[in-house]
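Please examine the sequence and the structure shown below.

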Amino acid sequence: MTINITVYDFWDLRKAANQKFLIDPTHPQDYLCRYPKELGAGYYRWIRLCEGITIEILETYLPQSIKWITHAHQNSLEFGFILAGSGQDFDGQRTKSGEDYIFGGVYPQSNNSIDGAGNLRWVSLIIKPETLRTLIESYGEQLPPDLEKAIAGVPEYFNLRPSLITPAKQVALQQILHCPYQGLTRKMYLESKVLELVSLKLADRVVAPTEKLLRLQEIDRIHHARDILLRNIGNPPSLIDLARKVGINEYTLKRGFRQIFGTARTRLRKLKQGFRQLFGTTVFGYLHDYRLEKACQFLMEGRMNVAQVSYAVGFANRGYFGAAFRKKFGINPSDYQAQWRK
């Protein structure tokens with residue numbers, strides 16, 4: 001069964017459910033609201049940062065799907081990251097866990113937007129076009145036409161094709177969700193994570209000059225190599241065997257991985273000071289991060305205990321798995337799983 005509801009009705013239910021609850025008394029722009037019990041359980045959280053930037057966090061459980069009946073209205077740009085759940089967007093485009101997206105402009109009048117039943121968890125960065133324009137004014141590369149229009153104030157609705165949440169993005173998202181600071185330090189820390197995520201997402205949309213050195217055939221083979229790795233996370237092939245399987249040499253495989261799946265440093269060196277720049281990754285560094293991402297998913301689903309999850313994603317030693325998980329996400333695997341059992 002699917003519940004049909006208008007956005008306005010939802011706002012009324014949410015208003016009736018509770019008042020705002022401050023997360024941090026030293027930061028009055030950080031608050032949460034309980035999700036209406038008529039629809040599910042969980043909460044919405046809003047964190048307003050510098051002018052024109054807001055973080056929205058949703059963590060909820062829906063016993064049944066919700067179809068949203070929306071009306072055309074103006075809104076800011078939204079950089080969204082789906083950590084759990086699936087559904088369908090305003091224009092009928094499917095959304096699923098592990099993807100991110102950019103949309104904005106005038107939201108269409110539609111009843112295509114659907115949130116699927118089950119655990120729903122997302123982080124959205126709501127950014128005013130003029131704020132984004134200020135952030136990238138010194139960036140000389142070509143941006144996607146739809147995004148250029150939005151930054152220029154053209155109100156047409158757009159929804160850029162989703163891309164995968166990379167390990168680098170996953171780290172920044174977990175750091176937002178588990179921010180250890182308070183007061184001004186916390187606000188500055190969260191602002192830096194927003195800039196980091198925006199830079200990484202823009203890097204998805206911009207072709208770097210170094211990537212042109214790879215031929216299309218080589219790019220296809222490197223993607224094939226990535227797929228082989230992810231299908232064999234418990235027993236991955238060696239670099240030499242992996243290169244042989246996809247028909248390229250080991251050097252091209254390693255170079256291609258860094259260009260396609262690695263650092264945003266080369267692409268984003270012209271961005272204004274304040275954009276966070278991350279290090280690249282090796283072939284097996286990518287696999288290591290992917291294993292930990294899959295572990296997050298399995299722990300959240302709750303069908304396996306920590307030891308079983310460790311084995312399922314290819315860690316033979318539970319102690320090493322726990323240490324790797326803590327290093328990446330700042331939380332023990334058992335504590336992470338416990339959050340989803342409350």
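In which sense do β4 and strand β5 pair, and over how many bridges? The pairing of β4 with β5 (residues 53-62) is antiparallel and comprises eight bridges. Here two strands pair if DSSP finds at least two bridges between them; strands (E, at least two residues) and helices (H or I, at least four) are DSSP runs, numbered from the N terminus. This is a predicted model, in which local features need pLDDT of at least 70, side-chain atom pairs count only at pLDDT 80 or more, and totals for chains, interfaces and linings use all residues. Residues are numbered from 1 along each chain as its sequence is written, and side-chain values use heavy atoms, with hydrogens and water left out.

Within this pair, Y43 has E59 in β5 as its bridge partner. Four residues lie between the strands in the hairpin of β4 and β5, where G52 takes a positive phi near 90°. Strand β4 (residues 41-48) also runs antiparallel to strand β3 (residues 30-34), to which five bridges join it. D30 stands opposite I47 in β4, and a hairpin of six residues joins β3 to β4.

A nonpolar core is a set of buried (under 20% relative accessible area, 1.4 Å probe, protein chains only) Ala, Val, Leu, Ile, Met, Phe, Trp, Tyr and Cys residues joined through side-chain atoms within 4.5 Å. The largest has 33 residues, of which I55, F79, L125 and L132 touch the most other members. Helix α5 (183-205) is among the elements that each supply at least two residues of this core, and its seven residues form the largest share. A second, separate core of 31 residues includes A84, I248, F257 and W340.

How values were computed:
Buried < 20%, exposed > 50% of the residue type's maximum accessible area, 1.4 Å probe, protein only.
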